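Good morning, and thank you for coming. I would like to take you through one protein chain, from its overall make-up to a few single residues.

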Amino acid sequence: MAARPAPLYRRVLGWLLTYLALISLAVFGVGNNVHEHAEHAAWRALLNSELDSILAHSARDPQYRWQDSDTLSLFRLDQPGTPASVRDLHPGLHDGVPIGERQAAVMVRQTQTMGRVALALDISDFEALEQFATRWVLLAGLVMVIVTVVMARLGMQRVVRPLSLLARDIAALKPGAPSQHIQVDARGSAELHTIANALNDYLARNEQFVERERVFISTASHELRTPVAVITGAAELALEQPGLPERARQQMLRVQRTAADVEELIELLLVLARDPARLAARAERVALDQLLPQIIEDHRHLLGDKDLTVALHAAPVDIVAPLAVVQAAIGNLLRNAIENSGRGAIQLDLSSAGVLTLRDPGHGMSPEEIAAIHARMARGLRNEHGGIGLELVARLCEHLGWTLRFDPVQPRGTRATLDVSASGVPFSG
């Protein structure tokens, strides 16, 4: 199972936190480097100035003696008493040299009159102040990062929330429902309003298209009823004629059955052209266990000369649904089983829970073929070799909340399962 992608605001916060951390490290590093160079320059200038002054006084007055202060100390490195940490220093500036328990900046110089001398400046108090300032700078930087992340999180949530509400409203859209509209939160950005307006425009155009399709199907179906009624009437009249040759009678019976099938197809198209609410209004109480033998008898002519039988085992079940829809759905499944079977028995089982299982002894379908049927029904596509029966049944099941699935059985054959209990209609038995 694929991992769920991280929310947009978390990604933005992650990048922002990374950016702030890098910027803070860069600023702190550059600032510390500049501070060290400036500090060394200050120590060098101060110690060189003091050392030049001492050497100048010594050159003018051979009796001049330097007196150490609280912060400055002069050492002659070739005389005893010089601290070990200072004695071996090379000429130049040295920072952080320990002298006793203190830290010092030491300038070492080779002179002609006094030999190697070192002037030490006590910087312990300055170092303590520098460490104090560094800790506060780091703390301030950390507080700045935390405050920035918290404010960014709150801001991103305010920005993303209208998008989440928009996604929720889109998910709540119902296919085929009229007058649907997407409303953007007042805090939404201009881009969200643009998306919502485009979606609302699409919903309006799609509703017009669906209505035109429904009107066309309804009109065409009503128009087709007249010629079918004429064909049916003519076949009935021909069958009543005395002395009709047997061959002609068989053809008239075939015409009559075909006209009945076309009329059933027209009825299905009319059902699908109606709104689900209007379809539900046509529901009536149907004794499904008593209706199944009638459906089987209506389709017995399809057996022809096949070595094929139809067996039924039905528990008493009453459902509330449009009678024409129930007849059409089960009839199409039975027709499909008969057309795809050559010999054996077609078994229909109706459970008390309202689940009809129809098993045929045909050659069976592979998992790939069954998956293709499910995908075709889900997309509303038509199989040019199988007619539109299964697609119509799938559409009817979608209208009424029923479920339909196909499974291969061993050693051969296919099992169709029609569950009419998912619509929540009451059952009794």
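Predicted model: local features only at pLDDT ≥ 70, side-chain atom pairs only at ≥ 80, totals over all residues.

The chain contains 10 helices and 11 strands. Of its 429 residues, 31% are buried. Consider next the contacts between residues with a separation of 6 or more: 64% of these join residues 24 or more positions apart.

Let us look at one helix, H4, which covers residues 190-239. This helix has 50 residues, and the distance from its first C-alpha to its last is 72 Å, close to the 74 Å expected at 1.5 Å a residue. Which residues of H4 are buried? Among them are Leu192, Ala196, Leu199 and Leu203. The buried set of H4 also includes Asn200, Arg214, Ser221 and Thr232.

I turn now to the nonpolar cores. The largest has 36 residues, and those with the most contacts inside it are Leu334, Ile346, Leu348, Trp402 and Leu418. Which helix gives the most to this core? It is H8, with 9 residues. Another core, of 15 residues, lies apart from the largest one, and Leu74, Ala105, Met114 and Leu121 are among its members.

If we set aside residues up to four places away in sequence, Leu348 touches Leu292, Ile296, Val310, Ala311, Leu312, His313, Leu334, Leu356, Thr357 and Leu358. One of these, Leu334, is also listed with Leu348 among the residues with the most contacts inside the largest core.

Next come the spaces in the model. How many cavities of 30 Å³ or more does a search of the whole structure find? The search finds 1. The largest cavity holds about 60 Å³ of space. Its lining includes Leu333, Asn336 and Ala337, together with Leu358, Asp360 and Phe406. Helix H8 (323-339), strand E9 (355-360) and strand E11 (414-419) each supply at least two residues of that lining. By class, the lining of this cavity has 5 nonpolar, 2 polar and 2 charged residues.

H3 provides the largest share, 11 residues. By class, the lining of the second largest pocket has 13 nonpolar, 6 polar and 2 charged residues.

Finally, I would like to show two single residues. Ser69 sits in the loop between H1 and strand E1 (72-76).

From Thr309 to Ala345 the distance is 4.7 Å, C-alpha to C-alpha, although the two are 36 residues apart in sequence. Beyond its neighbours within four places in sequence, Thr309 is in contact with Gly344, Ala345 and Ile346.

Note on methods:
Residues numbered from 1 in each chain as written. Heavy atoms only, no water. Helix = DSSP H or I, 4+ residues; strand = E, 2+ residues; numbered from the N terminus. Nonpolar A, V, L, I, M, F, W, Y, C, P; charged D, E, K, R; others polar. 1 Å grid on protein atoms, 1.4 Å probe; cavity = no way out; pocket = protein on both sides within 12 Å on 5 of 7 lines; lining within 4 Å. Points joined across faces, edges and corners; volume = space filled by probe spheres on them. Core = buried A, V, L, I, M, F, W, Y, C linked by side-chain atoms within 4.5 Å. Buried < 20%, exposed > 50% of the residue type's maximum accessible area, 1.4 Å probe, protein only. Contact = heavy atoms within 4.5 Å. Expected span 1.5 Å × (residues − 1).
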